[in-house]
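Biologist: I am new to reading protein models. Could you walk me through one, feature by feature?

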Amino acid sequence: MRKEADAGRVWKRGYLEQLAATMRLNQNTLLLGKKVVLVPYTSAHVPRYHEWMKSEELQRLTASEPLTLEQEYTMQHSWREDADKCTFIVLDAEKWQAQPGTPEESCMAGDVNLFLTDPGDPTLGEIEVMIAEPSCRGRGFGTEAVLMMMLYGVTKLGLTKFEAKIGQGNEPSIHMFHKLHFEQVAVSSVFQEVTLRLMVSEPERQWLLVQTSHVEERPYSDGLAEAQQQPWPHGGHPM
């Protein structure tokens, strides 16, 4: 029994290490879309993110508690290292492309996240998006960011199911996920939220690939100035 238990622990440790490496794949990944650019969440993004999260509206919509700046830096580091989280910062592509070398902080629009919430099912990812910058709302940023994150989850992380948990009062977000083929599967009166789910069947996978055919992946660590100067993506995602 002891040998079996030890073998089980070794397997679990190996699995968690592999999972952590997989979820950190995006540390060197930049995804280009038409309206948004997705980049890894780094410490350089924390001050702007911290300012956003002082908003009582965003705290309510994201069910978040206000943090100090120091706590925000700690959270960013934790999210970067956790095996069950994958986070991209959403940038306004137009601002980002306008002038090479533009600081990312001045282009930030929000963030998009994937969480592996079921240890027994690594193919299920909970997805959430926040367009925090008021001037960026209502422009399709959230829709494209979710589609790009879903593409990343399917092609890089092996996900075949997505869930979204949204506050009952957040009608724009619920409507957006319905447009992306998510279906409501549960309502929690306790947490005042709805759960929507999408099963990525082969037809849904092909639909997703068509919707994201313009998305292009580029190395993040090679220098953003170079990436900004390259031509705008025209199609085909080399992911």
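Biologist: What is the mean pLDDT of the protein?

Modeller: Start with the general idea. Where pLDDT is low, the predicted coordinates should not be read in detail. This model is predicted. Its mean pLDDT is 84, and 81% of the residues reach 70 or more. Residues 1-12 have a pLDDT below 50.

Biologist: How many helices and strands does the protein have?

Modeller: There are nine helices and nine strands. The protein has 239 residues, and 44% of them are buried. Its accessible surface comes to about 12500 Å². Carbon and sulfur atoms account for 53% of that surface. Now take contacts between residues at least 6 apart in sequence: 66% of them join residues at least 24 apart.

Biologist: On to the sheet. What is the order of its strands?

Modeller: The order is S7-S8-S6-S5-S4-S3-S2-S1-S9. That makes an open sheet of nine strands, with mixed pairing. The edge strands are S7 (183-188) and S9 (216-219), and each pairs on one side only. From one strand to the next, the twist averages 25 degrees.

Biologist: How many bridges join S4 to S5?

Modeller: Six bridges join S4, residues 108-115, to S5, residues 124-131. The two strands run antiparallel.

Biologist: Which residues of S9 form its covered face?

Modeller: Glu-216 and Arg-218 form the covered face. Glu-217 and Pro-219 form the uncovered one.

Biologist: Next, the rings. How many aromatic pairs does a search of the whole structure find?

Modeller: First, the idea. A pair of aromatic rings is described by the distance of the centres and the angle of the planes. The search finds four pairs here. Take Phe-88 and Tyr-152. Their ring centres are 5.3 Å apart and their planes lie at 85 degrees, so the pair is edge-to-face. The pair links distant parts of the chain, 64 residues apart. Phe-88 is in S3 (residues 85-92), while Tyr-152 is in H6 (residues 141-156).

Biologist: Are Phe-88 and Tyr-152 buried or exposed?

Modeller: Both are buried. Another edge-to-face pair is Phe-177 with Phe-182, at 5.0 Å centre to centre and 80 degrees between the planes. Phe-177 counts as buried because its relative accessibility is 2%. Phe-182 is buried too, at 2%.

Biologist: Which residues form one aromatic cluster?

Modeller: Tyr-41, Tyr-49 and Trp-52 do.

Biologist: Now single residues. Where is Leu-180?

Modeller: Leu-180 lies in the loop between H7 (171-179) and S7. Its relative accessible area is 4%, so Leu-180 is buried. Now look past the neighbours up to four places away in sequence. Leu-180 touches Thr-143, Val-146, Leu-147, Leu-198 and Trp-207. Leu-180 and Leu-147 are 33 residues apart along the chain, yet 8.1 Å separates their C-alpha atoms.

Biologist: What about Trp-96: which helix holds this residue?

Modeller: Trp-96 is in H5, residues 93-98. With a relative accessible area of 0%, Trp-96 is buried. The C-alpha atoms of Trp-96 and Ser-106 are separated by 8.5 Å. Along the chain, these two are 10 residues apart.

Biologist: Last, backbone angles. What is the phi of His-181?

Modeller: His-181 has a positive phi of about 80 degrees, although this residue is not a glycine. His-181 sits in the loop between H7 and S7. At 30% relative accessibility, His-181 counts as partly exposed. Gln-192 is not a glycine either, and has a positive phi of about 50 degrees. Gln-192 lies in the loop between S7 and S8 (193-199). Its relative accessibility is 54%, so Gln-192 counts as exposed.

Conventions. Residues are numbered from 1 along each chain as its sequence is written. This is a predicted model: local features need pLDDT of at least 70, side-chain atom pairs count only at pLDDT 80 or more; totals for chains, interfaces and linings use all residues. Side-chain values use heavy atoms; hydrogens and water are left out. Two strands pair if DSSP finds at least two bridges between them. Helices (H or I, at least four residues) and strands (E, at least two) are DSSP runs, numbered from the N terminus. Axes are lines fitted to C-alpha atoms, for helices over the stretch in contact, and angles run from 0 to 180 degrees between N-to-C directions. Buried means under 20% relative accessible area, exposed over 50%, partly exposed in between (1.4 Å probe, protein chains only). pLDDT is the predictor's confidence in each residue, from 0 to 100. Contact means heavy atoms within 4.5 Å. Rings of Phe, Tyr and Trp (its six-membered ring) pair if their centres lie within 6.5 Å; planes under 30 degrees apart count as stacked, over 60 as edge-to-face and the rest as tilted. Accessible areas come from the Shrake-Rupley method with a 1.4 Å probe; for residues, only the protein chains shown count as cover.
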